[in-house]
Amino acid sequence: MCCASFSVGIDCNSVEKKIYVDLNYTVPCVRLLNATHQIGCQSSLSGDVGVLHVLESEENLDWVLNTGHSPPYMVILEAELFTRSIMMKLKNGSRRVAGVAVIEPNTNLPGGFSPHTKCPNENTGVYTEKYDPALARCNATLWNPLGNGLSYEEFDFPIFSLKDDNDTQVIRQCYLDHNRGANGSIPEYPLCAMQLFSHMSAVTDTPTCIRRNKIQHDFSISPEMVCDPLGGQNIWTSTRPINNTEKGHKMFQSFVIAAARLDSRSFFFDLAPGAQSSASGLIALLAAAQALKNITEAAQPNKTILYAFFEGETFDYIGSSRMVYDMRNGQFVVDLDNVHSVVEVGQVTENSQIWLHSDPVSRRNSSVDEEVKKLIVNFQAAAVNTNVSVQEPQESQPLPPASFQRFLRERPLPGIVIQDHASTFTNRYYESMFDNPENLNMSYPPDLTPEQKLNFVTETAKIVRAFRKHDLLMFLLYGFLVRSKNSWFEQIICSYLNLDEFICTCLVFTRGLSHLNTATFLVEYILANLTGKVVNVTQEDCKNQRENKDDKESKHMFSYAWVQGALAANSTERDSFCVRSSVRWSTAKSPAFDLEDLTSTDYSTWTESRWKKITGRIFLVASHDLEMLTLGVGIAILLVSLFLTYMISSKADILFCAGREPTSATY
């Protein structure tokens, strides 16, 4: 229904807009599946509707689960009440629960919160019963003691996160005006209600959804897939250019893999800042790559450094397991025999103490142990005359969750994992929406503009500025964790990469392979600008991956990117240029899907359900009795109308027939 706008300037809203208030910022919990089961949340096909109830304490749950007079309820939770205890009670009473909306706070919770497991990726790391029973399943060290496993539960109702802004104020006011009875009395209709839409297409497990995908693909003219394997792209580069078309072993070449992870996750889809769990290691390795650029160009070391940034590590090491699989099968530019050692950068913060973790099992091999000792000595020597202390944990302690574990599953290798903790995580918000800039003590004066914040030195940046004489770390911290749409990032990307999607950015929340992760491409461009060089070629040649029209070989050794550049003085035009680097990407897709082993215990089998609509809205709902009365009156009017129509139609010749004039009439 629509209303006309008359010349007098009256502008009418649609009936729908008069009834519903749409919620602008809604982030859902979505459904994920693996070889054996499904986790996450979903709504019914038409969305779930419930009367709003703002939960004030855990004791107040009885109103929702037992005594409330208007079920089902849409429960509004403040962040401090978003606990496993409350959520499991709501799950068990789901017949009276239509859904949950969690209000994202403006400041972090005290104490800590991690919806991940206590032993991340325990089933796909190196520490199995076969490798060493004493170290399997975190028997020696419980890495994430605050983990409550909430992200791995299944809920049959929608759960959304709402930003604490105007939307939540409207919700609270609607609840106070309509749903909270005076002096403890039962509230009267109309009541404030909420409807959440987040229907998921996939069900049961990964083998089921992939089988349904295949049926759709084979027998449907316009197939609708129901799920996608989780994954994306690994980003890598090396200090020596490598011919990307020549796969497999490289004679007389030895490589040190310097690795970090690209992805993060939380209970809510795409609300995964990953400040300490992912971004800290990623930023540290990017800064190291830039710092080592001039050194390695001036005098190439005996071993080539291969920087690798893995995607999908949260979900059973998707990226690293794929790279190892490709190395083993001659599908990568080097193979496992070329790998001398692995240095991985994990969670690192402004703490002045870092720990070098190694694998006690592989170090039983004397040659591996000797190389590990050399790595440790080199790092300790590099830290001399700085305010950073470099130490080793106990020799018997296993590796923390790390991509390096996937290399060790293939063969013993020297390697270390750099972390800010000796045993259990210091990160109190591991893989949660609270692992944000505040968790890294990043704060900015409130009166600064976005551009001033980009150049502001936070406490987190100060420790690295002791080593670095420029502002790279500030730019990376601000760009990855606060606002990607900033002048520095805009200079080093191509024009088609849309930073508007990442105004308040986060790392990659690993998506299904049908989705392109813009954040991954952002890392690719940053790495190219930090490790590559500007070359004087035309835009056409640059985009065609060549130095000139006759060049047929450079594209095999290098990649070329035409970037926007800085804005010219007093102009809206940019000084664009071409960057040549050895940065490449490779597929980060679990080998289980290529092998069609969808019940694999060796590789990740995680998939993401597809969906069509993610929205939320509030409105006033009448009592059930009034709805039934309205329906009854409507049906009665319909029946009376039908009866009258029938009677009038049957007597139409009497009621509407005009008298005939005599045939002999003349005029």
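What is the mean pLDDT of the chain, and what share of its residues reach 70 or more?

Mentor: Let's start there. This is a predicted model, where local features need pLDDT of at least 70 and side-chain atom pairs count only at pLDDT 80 or more, while totals for chains, interfaces and linings use all residues. Residues are numbered from 1 along each chain as its sequence is written, and side-chain values use heavy atoms, with hydrogens and water left out. The chain's mean pLDDT (the predictor's confidence in each residue, from 0 to 100) is 89, and 92% of its residues reach 70 or more. Over residues 1-11, though, pLDDT is below 50.

Now the sheet. Strands here are DSSP runs of E, at least two residues, and helices are runs of H or I, at least four residues, both numbered from the N terminus. Two strands pair if DSSP finds at least two bridges between them. The sheet is open, with eight strands in the order β1-β25-β9-β5-β6-β7-β8-β2 and mixed pairing. At its edges stand β1 (21-22) and β2 (26-28), each with a single partner strand, so one side of each has no neighbour in the sheet.

Zoom in on β7 (residues 97-104) and β8 (residues 159-163): they run parallel, joined by five bridges.

For context, an unreviewed UniProt entry lists residues 28-202 as "domain: Nicastrin small lobe"; UniProt positions follow the numbering used here, feature names are shortened, and annotations may be inferred rather than shown by experiment. Over residues 28-202, the chain is 17% helix and 22% strand, with the end C-alpha atoms 16 Å apart.

Note on methods
Contact = heavy atoms within 4.5 Å.
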